[in-house]
Amino acid sequence: MSAAEGPLVVGVDTSTQSTKALVVDAATGRVVASGQAPHTVSSGAGRESDPRQWWDALGEALAQCGDAAREAAAVSVGGQQHGLVTLDAQGEPVRPALLWNDVRSAPQARRLIDELGGAKTWAERTGSVPSASFTVTKWAWLTEHEPDAARAVKAVRLPHDYLTERLTGEGTTDRGDVSGTGWWASGTEEYDEGILARVGLDPALLPRVVRPGEVAGTVRDGHGLPFAKGTLVAAGTGDNAAAALGLGLRPGVPVMSLGTSGTVYAVSQRRPADPTGTVAGFADARGDWLPLACTLNCTLAVDRVAALLNLDREAVEPGSGVTLLPFLDGERTPNLPHSSGLLHGLRHDTTAGQLLQAAYDGAVHSLLGALDLVLDADADPSAPLLLIGGGARGAAWQQTVRRLSGRPVQIPEARELVALGAAAQAAGLLTGEDAAAVARRWNTAAGPVLDAVERDGATLERITGVLSDAAPLLERDASSR
């Protein structure tokens with residue numbers, strides 16, 4: 001391994017399933033070492049993880065990086081959004097974290113929307129209409145269902161906040177991640193005390209919001225990780241905002257991320273406020289905005305369908321008029337938290353490969369339905385769609401997105417964009433650069449472009465029709481059936 005040209009930085013991605021760490025040369029963007037360690041997530045009605053697992057996984061991932069991690073001059077953490085981390089007076093978790101894909105708080109989401117003036121008021125106030133994914137609904141659920149636990153809470157954090165605080169000893173967050181809580185006012189960029197009062201959450205329990213480019217703190221003694229005391233720690237951010245940094249994203253360029261969840265987003269200089277709730281009006285990590293739509297069911301749901309059919313995930317076949325809505329975990333876009341998967345149009349001659357293709361179509365349909373709402377009206381409709389995430393490497397995902405979008409599709413060669421974005425954020429502390437400009441200097445978005453093909457409007461219309469007709473069934477709570 002050749003010597004680095006500049007100082008080394010560490011970028012961390014603490015996601016739903018694992019923690020990844022990259023050691024990156026701040027001068028060139030070259031990844032000089034990497035590591036990864038898994039988490040466990042509960043199954044059943046809830047989706048929970050012990051935050052201490054994230055810390056242990058970070059230590060294991062950094063150990064895999066070897067000596068390079070010890071030379072890092074700065075570190076930043078990107079993390080899964082929305083998760084509710086509750087800590088006691090000693091900084092220990094009161095209970096496992098409620099993750100973004102835990103939809104038990106759907107009743108609380110509906111009630112909060114009604115109690116605070118309806119969807120339009122929420123969108124204008126916070127930039128988003130809260131769904132069961134949002135942290136504010138999870139806190140409301142906790143106070144209602146586990147009041148003793150709620151009373152024991154002395155600090156409320158998001159997943160990336162938890163790791164950053166264990167590094168620095170200071171409670172901090174950033175505008176990108178806090179904009180997904182539901183208790184941050186996007187117009188004033190401050191905590192909304194009215195919403196906090198409504199859900200009974202003391203503002204003193206919340207972290208300080210660090211400004212873009214500001215140092216969140218320095219690594220303290222006794223952390224057990226390979227960082228030297230005094231190593232700079234950046235603000236960190238939510239995973240989608242970190243990926244936007246990792247791409248060096250400019251306004252108006254559309255992104256589709258195919259992972260455990262699916263997302264579509266673009267950087268905008270206009271503060272979003274979608275009263276339908278389809279688009280979440282998130283902030284980005286730089287000072288702009290990141291309107292975003294998210295689905296709960298993406299690669300894991302399609303892989304589950306492939307497993308049920310005993311097929312390789314690439315074994316799709318064209319044809320048939322079958323529709324499969326892969327809403328295996330409930331769904332956020334469209335907002336159907338109690339839904340389950342639905343199959344329509346099955347015939348004697350339908351093949352297993354056609355069923356699998358229908359699962360891909362159903363997953364991509366949900367994302368493309370929100371894309372026009374995410375993009376500003378003056379965005380270039382012919383611009384390539386950047387396809388990222390684990391699914392972006394799969395031919396079946398690529399061809400499905402091309403066919404249903406009618407757009408050219410670009411596949412960035414850089415992997416682990418969340419961790420790369422965090423690394424760019426850390427590098428910006430050292431160089432004084434904007435983090436997105438750092439990523440552009442690293443040329444992280446470079447990759448092959450797949451030409452546009454004719455858009456398959458018939459399939460999109462068929463899926464839309466089935467979804468509309470089945471809505472009354474999908475909206476019903478399974479426990480009431």
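1. A friendly start with Val-41: this residue is partly exposed, with a relative accessible area of 26% (buried means under 20%, exposed over 50%, and partly exposed in between, using a 1.4 Å probe and protein chains only). Val-41 sits in the loop between strand E3 (31–38) and strand E4 (48–49); helices (H or I, at least four residues) and strands (E, at least two) are DSSP runs numbered from the N terminus. Beyond its neighbours within four places in sequence, Val-41 is in contact with Thr-16, Arg-47, Glu-48, Ser-49 and Leu-99, where contact means heavy atoms within 4.5 Å. Val-41 and Leu-98 lie 57 residues apart in sequence, and their C-alpha atoms are 10.0 Å apart in space.

2. A word on the basis of these values. This is a predicted model, in which local features need pLDDT of at least 70 and side-chain atom pairs count only at pLDDT 80 or more, while totals for chains, interfaces and linings use all residues. Residues are numbered from 1 along each chain as its sequence is written, and side-chain values use heavy atoms, with hydrogens and water left out.

3. Next, the nonpolar cores. The largest one has 67 residues, and those with the most contacts inside it are Trp-139, Trp-183, Leu-201 and Tyr-265. Helix H14 (residues 417–431) supplies the largest share of this core, eight residues. A second, separate core of 36 residues includes Val-279, Ala-370, Leu-371 and Leu-387. Here a nonpolar core is a set of buried Ala, Val, Leu, Ile, Met, Phe, Trp, Tyr and Cys residues joined through side-chain atoms within 4.5 Å.

4. Leaving aside neighbours within four places in sequence, Trp-183 is in contact with residues including Thr-135, Val-136, Trp-139, Tyr-191 and Leu-201. Thr-181 lies in the loop between helix H8 (175–178) and strand E10 (184–185) and is buried, with a relative accessible area of 1%. Not counting residues up to four places away in sequence, Thr-181 touches Phe-134, Thr-135, Val-136 and Leu-158. A polar atom of the Thr-181 side chain lies 3.1 Å from the backbone nitrogen of Trp-183.

5. How do helices H12 and H16 cross? The axes of H12 (residues 352–374) and H16 (residues 457–474) come within 10 Å and cross at roughly 85 degrees. That makes H12 roughly perpendicular to H16, a class that runs from 65 to 115 degrees (under 35 is roughly parallel, over 145 roughly antiparallel, and the rest oblique). The axes are lines fitted to C-alpha atoms over the stretch in contact, and angles run from 0 to 180 degrees between N-to-C directions. Asp-361, Gly-362 and His-365 in H12 meet Thr-459, Leu-460, Ile-463, Thr-464 and Leu-467 in H16. These residues divide into three nonpolar, four polar and one charged.

6. Finally, some backbone details to check. Most residues other than glycine have a negative phi, and most peptide bonds are trans. His-82 has a positive phi, near 75 degrees; it lies in the loop between strand E5 (72–79) and strand E6 (85–87) and is buried, with a relative accessible area of 3%. Asn-443 also has a positive phi, near 60 degrees, but is exposed, with a relative accessible area of 52%, in the loop between helix H15 (435–442) and strand E24 (449–450). A cis peptide bond joins Thr-333 and Pro-334, with omega about 5 degrees, and Pro-334 lies in the loop between strand E20 (323–325) and strand E21 (342–344).

Notes
Nonpolar A, V, L, I, M, F, W, Y, C, P; charged D, E, K, R; others polar. Polar contact = N/O pair within 3.5 Å; in protein donor to acceptor, adjacent residues only side chain to side chain.
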